[in-house]
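These are my notebook entries on one protein model. I set down what I looked up, entry by entry.

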Amino acid sequence: MFIQYYDSPLGKMLLAADEIGLIGVWFENQKYYANGLKEPIEEETAVLKETKEWLNLY
């Protein structure tokens with residue numbers, strides 16, 4: 001499981017992905033923040049990079 005942080009205009013977000021695709025997106029301090037993430041590795045994967053690019057476009 002891989003994670004990356006993203007600074008959005010609405011606040012800091014945590015993005016999580018596995019080998020297949022995006023599995024979660026949370027705002028910092030959100031209820032159930034990162035619930036269920038086990039031993040995440042902070043690493044930019046292709047899925048997380050593309051997710052951040054889409055968020056930038058939005």
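This is a predicted model: local features need pLDDT of at least 70, side-chain atom pairs count only at pLDDT 80 or more; totals for chains, interfaces and linings use all residues.

Entry 1, terms and confidence. I looked up the confidence: the mean pLDDT of the protein is 94, and 100% of its residues reach 70 or more.

I traced an open sheet of four strands in the order β3-β2-β1-β4, and its pairing is mixed. Strands β3 and β4 stand at the edges with a single partner strand each, so one side of each has no neighbour in the sheet. I then looked at one pairing in detail: strand β2 (residues 11-17) runs antiparallel to β3, and five bridges join the two. Within this pairing, I found that Ala16 has Gly24 in β3 as its bridge partner. In general, strands of a sheet pair through backbone hydrogen bonds, either parallel or antiparallel.

I located Lys52 in helix α1, which covers residues 46-57. Is Lys52 buried or exposed? I record Lys52 as buried, because its relative accessible area of 16% is under the 20% cut-off. Beyond its neighbours within four places in sequence, Lys52 contacts Gln4, Tyr5, Tyr6, Leu15 and Glu44.

How many salt bridges does the structure hold? I found one. The side chains of Glu44 and Lys52 form a salt bridge, with 2.9 Å from N to O. I checked the accessibility of Glu44 as well: its relative accessible area is 43%, so Glu44 counts as partly exposed.

I searched for aromatic pairs, and the count came to zero. I did find a charge over a ring: Lys12 lies over the face of Tyr5, at 4.7 Å from the ring centre.

I placed Lys38 in the loop between β3 (22-27) and β4. Its relative accessibility is 63%, so I list Lys38 as exposed. Finally, I looked up the separation of Lys38 and Met1: they are 37 residues apart along the chain, and their C-alpha atoms are separated by 7.5 Å.

How values were computed:
Residues are numbered from 1 along each chain as its sequence is written. Side-chain values use heavy atoms; hydrogens and water are left out. Rings of Phe, Tyr and Trp (its six-membered ring) pair if their centres lie within 6.5 Å; planes under 30 degrees apart count as stacked, over 60 as edge-to-face and the rest as tilted. A charge sits over a ring if NZ of Lys or CZ of Arg is within 6 Å of the ring centre and within 35 degrees of the ring normal. Contact means heavy atoms within 4.5 Å. pLDDT is the predictor's confidence in each residue, from 0 to 100. Buried means under 20% relative accessible area, exposed over 50%, partly exposed in between (1.4 Å probe, protein chains only). A salt bridge is a side-chain nitrogen of Lys or Arg within 4 Å of a carboxyl oxygen of Asp or Glu. Two strands pair if DSSP finds at least two bridges between them.
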